[in-house]
Amino acid sequence: MNLKKNAGYVLPALGAVVLLLLGWALLKSSSGYPDYILPGPGTVWSAFVDHRMEILRSTWITFLSASGGLSLSVLFGGLTAIVFSQAKWIRRGLYPLAIFLQTVPIVAVAPIIVLWLEEGIVATMFISFIVSLFPIITNTTAGLLNVDNGRYELFRLYRASRFQRLYRLQIPGAMPQFVTGVKIASGMSVLGAVVGEFFCATLQNKGLGRQIFELKDYNVPWMYACILIATFLGVLTFSIVSLIGDRVLLYWDEKKISNI
Amino acid sequence: MKTTLTALLGWSVAVFGFGSVLMLCCGCQSETLPQTDKISLQLNWFPDAQHGGFYMAQLKGYYSQEGLEVEILAGGPGANVEAKVDRGKVEFGIANAHRILLKRNEGAKISAVFAAFQKSPRCIMVHRESGIRTFEDLEGVTLAVGSDAAFRKFMEQNVDLHDVKLVSYSGSNATFLQDKNYAQQAYSISEPILVKRQGADPVVLMLSDIGFNPYTSCVFASEDYLKNNPETVRKFVRASQKGWEAYLENPEFANQKMAELNKEHDLIALNQGAAAAAPLCRPKEGEPIGSMNPDRWKVLVGQLKNLKMLKPDFQLNEAFTVDFLPVH
């Protein structure tokens, strides 16, 4: 990758950011909205600078909840998908339950979750976990079931055990879809953590969600800064997952090749 | 790998852009209201004893006697009353004094014209079994507080909370009812009455006892509206005041209506709430209901500045006016 090519990626992106900031500033100055509805980019920036330590601290707390929730989802979602892939009757019985996770109105359930789990990072992690679990289960299950017919027959001919089939055939084949599932889940895990913090946070350890919840009443520029940072946190989590995911895929590809 | 990274950068920009555009689109319309005597009052919460006088004024016809057709709009957690009034979506709103100051600090041009509660019903509710009787006793409990950061910060500043676990208040009394070591924010005229009827024995610690005492259930309007419609405002304040006088005398009439509108309360709870509200609403001898004292507002400004919730150069200016109260 040469410099010219890099610039080809970076310049359009930078241009878009600049245009966007200009548009934002223009809208602010032409609309006459007060700061509590629409603060200008400069105001939000200085709110960020003024409160950077608090924002960083909150971001760290939200990041912990989100990454904890996502890790649980990866572990539990992957194992669930393996169980699902083993028999049709398991899927028929339990798949609808997994769909519930996707459709449950988490905002309504969060206050109930607090009744079971104590407020704090465990509760916010749990909500992040629930929100990010389904994409992993559904993608991985699909990947595990989508086995090449010829290879399946080959495994059958050689009387491979169920475990050998799973470990040597299904799991390697499902890796790309598993990674896709985790990528989708990564953004959602941050969303889940922020929503969780609305209801289940301790105020001594305020994540971004709780900050946003309070700041709407008295410091909207600071709130905007928190919302933007929460958005970036989602992108960051996605990026980290993508980097790791791509590496894992590369590793599995090589392994597949060496096995042939 | 690098391709992924650079693609990601582009992708982040796209997400950031989309998010910002979405935010920019919020609240893009603003309307101007026709100058009729048909007006709306936006409440800050679901109808209960903190709004009794306004319902009374409507039900007894005090508003219509003044030639006003008033629609009372129920509020809730996301009511955003201050913005609605400031942007001219409704003529009048109900808010507590500190919220009016906090929104003015951020550019809203709103002024309070009437304060239904002289003493704030804001309190912390604990179980009698906890042994806690004063703020100094607060320890070893979990305390749930909502989004209203002002009184929470005031407590953090003035009460030793090192052995108190502060958590989010979801708006439900369920946790309080099942946990004797749980304390929560409340209005003395509402939640303590409700939990008592469900078998709990609550003790209330009034925030006003430690000095945080903003006027509560204030009627406010935008500065522009006050300037352009002084007669309507005068009529509205006069009728509201009559409504509160009637409500404090005999609340049953309005409470029946509010019990229909807000299923969380029933008539008995609302009647008890109104009885608890009466001493908080009655001003000092010789002062009319709804009156406000500049010194009280100044104290509040000082407290909020102390909590770094107002800009250091914030001025009271037109945050409130008693010009529309009937002269006694």
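Start by selecting A:C226, B:A112, B:C218 and B:F220: they touch the most other members of the largest nonpolar core, which has 150 residues. Such a core is a set of buried Ala, Val, Leu, Ile, Met, Phe, Trp, Tyr and Cys residues joined through C-beta atoms within 7 Å; buried means 20 or more other C-beta atoms within 10 Å of a residue's own, with C-beta atoms placed from the backbone. Next, colour helix α6 (residues 121-145) of chain A, which gives this core its largest share, 13 residues. Helices (H or I, at least four residues) and strands (E, at least two) are DSSP runs, numbered from the N terminus.

A word on the model: it is predicted, so local features need pLDDT of at least 70 and side-chain atom pairs 80 or more, while totals for chains, interfaces and linings use all residues. Residues count from 1 along each chain as its sequence is written, and chains are lettered from A in the order in which they are written.

Now zoom in on B:C218. Leaving aside neighbours within four places in sequence, its contacts (C-beta atoms, placed from the backbone, within 7 Å) include B:I94, B:A97, B:I100 and B:F114. In β10(B), B:C218 stands opposite B:A95.

Then show the whole open sheet of chain B: five strands in the order β2-β1-β3-β10-β4, with mixed pairing (strands pair if DSSP finds at least two bridges between them). β2 (69-73) and β4 (110-117) of chain B each have a single partner strand, so one side of each lacks a neighbour in the sheet.

Finish with chain A, where you will find 10 helices and zero strands.

Terms used: A residue is buried if 20 or more other C-beta atoms lie within 10 Å of its own, exposed if 12 or fewer, and partly exposed in between; C-beta atoms are placed from the backbone. Two residues are in contact if their C-beta atoms, placed from the backbone, lie within 7 Å.
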